[in-house]
Amino acid sequence: MSDSRDTGAGSGLTEESLQLLLHWLDPDAERAARKYEEIRLSLIKLFVWRGFVDAESFADETIDRVVRKLPEIMPKYQGDPASYFYGMAKRIMRPLPPSKPSTLPTTTSEEDKSESEQMHECLSKCMGVLSPANRELILNYYAETKQDKINARRALASKLGMPVVNLRVRVHRIRSALHTCIGGCMAAREE
Amino acid sequence: MQQLVEREELIKRYLLGGLAGGELDEVEDRLMTDEEYFNELQLVEGELADDLVFGNLSEDEEAKARNLFLVSPELRQNLKYAEVLWQFVAETGDESGVNTEWESALAEAQENRYLLATLTNGDWAGLRLLATAKSSPRRKPDLAAGTVLDEDALTTVLVRLIECGVIEEQDGVFFCTGLGAEVLEKMERAAGVSLDV
């Protein structure tokens, strides 16, 4: 499992309570580990999409509260455990206002420019890592879908011989691959 | 088709903070319990970043989208990536000619070839990484531990596995996708061996 189980899942999560949680999620250890990670990531995104800055902490707090309730709910709860986590997350969110943009960190324009330049260089390098077909696709996609994206996507998908939904999924994967590559490149520059 | 458009409009309204009550609960419960729906939200989120960069949103939507993308470090980063990508495309221009029909027909074969190369190159490094991610989601250092790849080589293989759709990254954790599990199972059946790590 990723580091999150060892360090990120709240201060109240002991090895024993973690094992109880995993067993509740699925009797198969491998499936339980995956389910745990999926739930934790879904919780993080949930808090992000609701506008909370420290989404990871809120996600871990949600997990901690669910774990504390496990002895009580395990014998009788029916349904997807992920729904129970959602219910707990809602209870945490309810009394709190989302974060305001004024609490966000600021950077100088020089720092921004420097970071953008480094990102540009990394992107250029990462474009070389993509397959030629995917590089061509992503360049076409961004060149052609700037405006009137619905018609442009339809035209590009037709040109490529695939449904629009497949095009969008493929672009999403290429974007994710580029993000991973750029992130690695930027991290390497910082070392 | 209409249902798809309506579903995505609902997701967009959710991301821009425009849902409440039962609709809000329904979307959020579904994103927690339905992996495909969660992936769809991520896809729409990525497209919203593009719309924000391209100026394709109304004034009201733009303000809400800025709030969304400035809240978390990951989303701020994704917005920056969208800006840099757009700038790169503007400088590079459109690389394509029009694909002929036979090129389109070969596209799937090309994808399969690319996947095979990704899995087998470098002493089957791609396959090892995929099998490791399938056994449990891992961060990069944990994935690297089972290989002799340096940082650059590891990133390259991971990027290609993501391109092929067999691995995905969420918040620094690498998962084997449904497609990745399917590919591994097919290879296990064909070879008559278990690829469990």
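User: Is B:Glu8 buried or exposed?
Analyst: B:Glu8 is buried, at a relative accessible area of 17%. Buried here means under 20% relative accessible area, with exposed over 50% and partly exposed in between (1.4 Å probe, protein chains only).

User: What am I looking at, and how's the numbering done?
Analyst: This is a predicted model, where local features need pLDDT of at least 70 and side-chain atom pairs count only at pLDDT 80 or more, while totals for chains, interfaces and linings use all residues. Residues are numbered from 1 along each chain as its sequence is written, chains are lettered from A and ligands numbered from 1 in the order in which they are written, and side-chain values use heavy atoms, leaving out hydrogens and water.

User: OK, where does B:Glu8 sit?
Analyst: In helix H1 of chain B, residues 2-15. Helices are DSSP runs of H or I with at least four residues, strands are runs of E with at least two, and both are numbered from the N terminus.

User: And what does B:Glu8 touch?
Analyst: Leaving aside residues up to four places away in sequence, B:Glu8 touches A:Arg168, B:Glu40 and B:Val44. Contact means heavy atoms within 4.5 Å.

User: Which side chain does the B:Glu8 side chain make a polar contact with?
Analyst: That of A:Arg168, at 2.4 Å. A polar contact is a pair of N or O atoms within 3.5 Å; within protein, one must be able to donate a hydrogen and the other to accept it, and residues adjacent in sequence count only if both atoms are side-chain atoms.

User: Switching to rings. How many aromatic pairs are there over all chains?
Analyst: The structure holds 12. One of them is A:Trp24 with A:Phe85, tilted, 6.2 Å centre to centre and 35° between the planes. Rings of Phe, Tyr and Trp (its six-membered ring) pair if their centres lie within 6.5 Å; planes under 30 degrees apart count as stacked, over 60 as edge-to-face and the rest as tilted.

User: Where are those two in the chain?
Analyst: The pair links distant parts of the chain: A:Trp24 is in helix H2 (residues 15-25) of chain A and A:Phe85 in helix H5 (residues 81-93) of chain A, 61 residues apart. A:Trp24 is buried at 12%, and A:Phe85 is buried at 1%.

User: Why is the A:Trp49 and B:Tyr14 pair edge-to-face?
Analyst: Because the planes are at 80°, with the ring centres 6.3 Å apart. A:Trp49 lies in helix H3 (residues 29-49) of chain A and B:Tyr14 in helix H1 of chain B, so the pair joins two chains.
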